[in-house]
Amino acid sequence: MAPARRPHRVVWLLAAGVALAALNLRTGITSVGPLLTEVTGGLGMSAVLAGVLTTLPVLCFALFASLTPMLIRALGEHRLLAAALLALTVGLSTRPLVDGALPFLVLSAVALSGGAVGNVLLPTLVKQHFPERVGAMTTLYTTFLALGTTMAAAATVPVAQASGSWRVALGFYGAFGLLALLPWLALLRHDPPRTGGAAPIGLRRVLGTAMGWQSVLFFGTQSAVAYIMFGWYAEMLRAEGMSAAEAGLMLSYLTALAVPTSLVLPGLMARVRDHRGFVVFFFACYGAGLTGLWVSPLQGTWVWTTLIGMGMATFTLALTFFAVRTRTSGATAAMSASSQSLGYLMAGLGPFLFGMLHEFTGGWHAPLALVGAMVTANFLIGLLLGRPRHLEDSLARHE
């Protein structure tokens, strides 16, 4: 069905469905961190199982991202996203009700599987339904993704304090999942017909191209840096002498900076074909911010945090590359799936290596040097990926 022929009601449902789905993709992750002590204590989790809980998001994202193209072919985009949001809602709503650590981990994996599938599907749906509005719709979903991430990080502790229970605070986010599911249930009868069409693009074909690997490495390096910052930034500032409240405020501010960049960046990228200028700008922001942390972490912290937060807009850059570096929704899905499946595995190593270097050296300069190396690698890869090309052309040359 051509987008121009769709009733306005369907177009608005699609836009609302994309936004509400994006709002939910990270709540299952960022809601646990602020209450990790309460959750592990309440469930009697060992240190090993607590480590599994914090590593589970990247493992689920990697596994289910790789399976998403196959699931799209079997179910169709709309049915699959409805199923993913149902899994997310069930997992988020029921995991606080259990008393054992293992059932909590299983239900967390159910919720995270829905988020992982949604990560791949949203760029695909934007390309499929809004080919002439890629910039605006990417702005919509990346902004709501950032809002959901920030909301869960900031609101979970107040909800727990108001209710007197960490279980209520975690289960609270299931309501948002249910709200996101409603428009996709209404859209099921508008799922594009499953025709033979062109042969689906497998992940191996994408990874047989230089652009495919550039996208993987760009997504992986930026995700590794982001997970390091989310996991270690407040701890590093506290170790340097900042109070816990101030360090938590800095981390919240760092996370919230994703909202304005998500509002602006996709639209700007849609207006130009060569995106290397964006890569250079974000590298400069990262470099200045990391240098400030290295030299004087507690003087000018707001400036360093702002610069690093702006540099972390490479996440929005990576998501937007899936749409602007492809011509068809099938190619978008394949590029998104390959980049996220392998990229999230890389991301999981980032916080581990950062913590290991800190424990081995007893300071923060070696870990920060690791971050600098990852940022530099991201910059160099971005210069290649940012050139005006399309994945389909690379695939054709390899046939």
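Leaving aside its neighbours within four places in sequence, which residues is Q340 in contact with? Before answering, a word on the model itself. It is predicted, so local features need pLDDT of at least 70 and side-chain atom pairs count only at pLDDT 80 or more, while totals for chains, interfaces and linings use all residues. Residues are numbered from 1 along each chain as its sequence is written, and side-chain values use heavy atoms, with hydrogens and water left out.

Now to Q340, which you will find in helix 17; helices here are DSSP runs of H or I with at least four residues, numbered from the N terminus. Beyond those sequence neighbours, Q340 is in contact (heavy atoms within 4.5 Å) with F61, A62, A65, N119, V120, F219 and F322. Q340 counts as buried because its relative accessibility is 1%, where buried means under 20% relative accessible area, exposed over 50% and partly exposed in between, using a 1.4 Å probe and protein chains only.

Let us turn to the aromatic rings. Searching the whole structure gives 16 aromatic pairs. Rings of Phe, Tyr and Trp (its six-membered ring) pair if their centres lie within 6.5 Å, and planes under 30 degrees apart count as stacked, over 60 as edge-to-face and the rest as tilted. F61 and Y344 make an edge-to-face pair, with 5.0 Å centre to centre and 70° between the planes. This pair links distant parts of the chain, since F61 sits in helix 4 (residues 47-75) and Y344 in helix 17 (residues 329-361), 283 residues apart. F61 is buried at 1% relative accessibility, and Y344 is buried at 1% as well. Ring pairs also join F61 and Y344 with F219, Y227, F315 and F322 in a cluster.

W232 and F354 form a tilted pair, 5.6 Å centre to centre with 45° between the planes. W232 belongs to helix 11 (residues 210-239) and F354 to helix 17, so the pair ties together parts 122 residues apart in sequence. W232 is partly exposed at 22% relative accessibility, whereas F354 is buried at 2%.

Finally, look at helix 1 (residues 8-24) and helix 9 (residues 174-186), whose axes come within 9 Å and cross at roughly 150°. Axes are lines fitted to C-alpha atoms, for helices over the stretch in contact, and angles run from 0 to 180 degrees between N-to-C directions. The crossing therefore makes helix 1 roughly antiparallel to helix 9, a label for angles over 145 degrees. Among the residues making the contact are L13, L14 and G17 of helix 1 and F176, G177 and W184 of helix 9.

Note on methods: Helix = DSSP H or I, 4+ residues; strand = E, 2+ residues; numbered from the N terminus. Parallel < 35°, antiparallel > 145°, perpendicular 65-115°, else oblique.
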